[in-house]
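Trainee: I'm new to this one and would like a close look at a single part of it. Could you pick a strand and walk me through its surroundings?

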Amino acid sequence: MTAWDPEEFENNMIADMRAYGGQVTQGPLAGHPLLVLTMTGARTGEPRRAILTYTRDDGDYIVAASASGSPKDPVWLNNLRANPNVTVEAETRTFPATARIVDDAEHGPLWSAHVAQLPQFAAYPEKAGRVISVVRLTPHQST
């Protein structure tokens, strides 16, 4: 039996997304709206990537730092705190963006909209025992 290789899994998912106009067609995340977030590692300064489920709000991409309901924030959230300038690959575009962890006033409505579109997220706060941070990815304006 071959050991599971998470990098190979991600590479195959990204290849599938690119081949089908940003849509994942195979595996457990088939049909989910996914984006590839590339950021700078907070400690290493090296490029890091995360494949995340997203929703949209006023032209921005909204992602939740749920870590599938883990009690700890995902590592990528700390990277965004340190380096908010990111690259997003979503749908059929790749573009620079700024990541911002939303404040309390914005959190509630964005979380509710996220859960309405992606109901699997509803159980994560209780499972995690924490408030799930919501991140707004705002594409840079073209010059």
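**A strand and its neighbours**

Mentor: Let's go with β3, which pairs with β6 in the antiparallel sense over 4 bridges. Keep in mind that this is a predicted model. Within that pairing, Y61 sits opposite L137 of β6.

Now look at the other partner. Strand β2, residues 47–57, runs antiparallel to β3 and is joined to it by 4 bridges. Here Y54 is the residue facing V63 of β3. The hairpin made by β2 and β3 has 2 residues between the strands, and D58 takes a positive phi near 50° there.

How covered is the strand itself?

R130 counts as buried because its relative accessible area is 14%, under the 20% cut-off. Its side chain has a polar atom 2.9 Å from the backbone oxygen of S70, and the R130 side chain also reaches the backbone oxygen of K72 at 3.3 Å. Leaving aside residues up to four places away in sequence, R130 touches several others, including A65, S66, A67, D73 and P125.

Notes
Residues numbered from 1 in each chain as written. Predicted model: local features only at pLDDT ≥ 70, side-chain atom pairs only at ≥ 80, totals over all residues. Heavy atoms only, no water. Buried < 20%, exposed > 50% of the residue type's maximum accessible area, 1.4 Å probe, protein only. Polar contact = N/O pair within 3.5 Å; in protein donor to acceptor, adjacent residues only side chain to side chain. Contact = heavy atoms within 4.5 Å. Pairing = 2+ DSSP bridges.
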